[in-house]
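Could you walk me through this structure, step by step? I am new to reading protein models and would like a friendly guide.

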Amino acid sequence: MSFAQDSASFLQSNAERERLLLAPYAMHSCDSRGRLHEEMIEHPYRGPFQRDRDRILHSSAFRRLSGKMQVFTGDMGDYHRTRLTHTHEVASIARTIARALRLNEDLVEALALFHDIGHPPFGHAGEDALNECLKEHGGFSHNRYALTLANEIEQRYPGYSGLNLTREVLDSQAVRIDKLKGAFPAEGELGPLLEAQVVEAADSVTYDAHDADDSVKLNLVTLDELCTVPIVHEARATVRRHYANVRGSILRRAVVHELIDRQVRETLAAAEVWLRDYQDLTADEVRRLPNRIEPSGELADKKRELERFLYARVYRHERLLAMRSRATEQLRRLFVEFQQKPELLPPSYRHRAEVVGLPRAVGDYLAGMTDRFCNQRFFEICGESDA
Ligand code: MG
């Protein structure tokens with residue numbers, strides 16, 4: 001019996017709460033298309049997307065995000081973002097946007113915690129290396145690997161492999177793969193759920209702000225150099241209007257706060273303009289519109305300027321290029337070694353090789369590693385320390 005059915009209970013059911021709080025265009029739990037494996041038992045007080053969030057949070061792959069780099073490696077210090085702290089920042093910003101627009105925060109949180117779960121060790125350098133290793137076997141994409149983790153590799157339940165997430169979470173992740181291939185749904189087709197659009201926007205807001213922050217903190221660029229980019233210059237001017245004499249790390253942090261706040265404020269303002277006219281549409285109806293919740297117009301232009309700066313001055317910095325070639329070499333050599341000596345693979349991946357073939361199983365094993373574990377395996381197998 002649910003709480004709502006139990007007249008003696010004063011606790012509110014998930015469905016009742018959503019009916020009161022969410023807009024019609026939000027993804028309501030009661031309209032979920034369910035899970036791949038039917039589950040007979042409804043949870044008494046957690047809705048399906050809350051359960052997805054918890055399944056992701058308790059997964060092995062999620063915990064390993066703490067050992068995976070975002071942009072900067074562990075040997076560059078312990079201040080900067082890891083893949084895990086990036087993920088939590090995205091979730092926080094995404095929930096802020098979702099709440100303001102009366103979208104489903106539980107779904108947004110699940111999608112945010114899930115969005116980078118498929119990243120291999122060593123960030124995009126690791127992804128490029130694995131994609132090259134697997135080019136004869138379908139390539140590698142962290143967005144696709146997130147689905148492999150969620151549907152095949154995670155082992156949590158007695159009856160089936162995978163986390164058995166709702167179709168809304170899995171389909172939203174599948175859209176991320178399509179988007180990377182440039183195949184965003186055509187006009188009239190179903191676009192991403194608004195909740196998925198919010199997470200995509202929050203990801204972009206977050207990494208632009210925190211990569212700017214980390215790059216100054218790690219002395220790859222100075223704040224003055226960063227302020228040659230108009231959006232950062234404007235953020236500093238805003239801070240100085242309120243606090244004329246602020247300097248040093250407090251100034252840097254205040255500028256980052258303003259960068260995040262401006263992006264969220266303007267993304268929300270733009271969304272409000274078009275959503276205002278469609279307040280009575282359902283989640284499916286609003287997905288047929290060409291409109292998107294995303295940084296747009298002048299904000300999008302200014303973000304591109306910042307991203308061009310970060311690409312030229314930070315992502316291609318010699319300290320990161322050195323890491324990139326080291327990571328590429330490690331993954332390439334381990335990919336070859338594990339194929340020549342599959343007995344070095346853990347039993348679960350030897351078994352997986354019988355199902356998906358040895359190259360893909362090796363790729364899946366390597367992709368699941370943290371940066372540190374990859375270094376360690378490289379040392380054990382190839383006899384060289386990365387340190
Ligand atoms: Mg991300």
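Along the chain, the donors of the magnesium ion follow the spacing H-x28-H-D-x86-D. This is a predicted model, and in it the protein donors are His86 (NE2), His115 (NE2), Asp116 (OD) and Asp203 (OD), at 2.2 to 2.4 Å from the magnesium ion.

His86 has 0% relative accessibility, so it counts as buried. Asp116 has 3%, so it is buried too.

Next comes helix H9, which covers residues 194-217. At 1.5 Å a residue, its 24 residues should span 34 Å, and because its end C-alpha atoms are 34 Å apart, the model agrees with that expectation. Helix H9 is mostly covered, with 21 of its 24 residues buried. After H9 comes Asn219, which has a positive phi, near 65 degrees.

Our last stop is the second largest pocket, with a volume of about 580 Å³. Its lining is made of 23 residues, and Ser29, Glu42, His43, Gly47 and Pro48 lie nearest its centre. Helix H1 (14-21) and helix H2 (48-57) each supply at least two residues of this lining. Sorted by class, the lining of the pocket has seven nonpolar, 10 polar and six charged residues.

How values were computed: Residues are numbered from 1 along each chain as its sequence is written. This is a predicted model: local features need pLDDT of at least 70, side-chain atom pairs count only at pLDDT 80 or more; totals for chains, interfaces and linings use all residues. Side-chain values use heavy atoms; hydrogens and water are left out. Donors are N, O and S atoms within 2.8 Å of the metal (3.2 Å for Na, K and Ca); water is not among the atoms, so sites may look incomplete. Buried means under 20% relative accessible area, exposed over 50%, partly exposed in between (1.4 Å probe, protein chains only). Helices (H or I, at least four residues) and strands (E, at least two) are DSSP runs, numbered from the N terminus. The expected span of a helix is 1.5 Å times one less than its number of residues. On a 1 Å grid over the protein atoms alone, a cavity is a set of points where a 1.4 Å probe fits but cannot get out, and a pocket is an open set with protein on both sides within 12 Å along at least five of seven lines; lining residues have an atom within 4 Å of a point. Grid points are joined across faces, edges and corners, and a volume is the space filled by probe spheres set on the points. Ala, Val, Leu, Ile, Met, Phe, Trp, Tyr, Cys and Pro count as nonpolar, Asp, Glu, Lys and Arg as charged, and the others, Gly among them, as polar.
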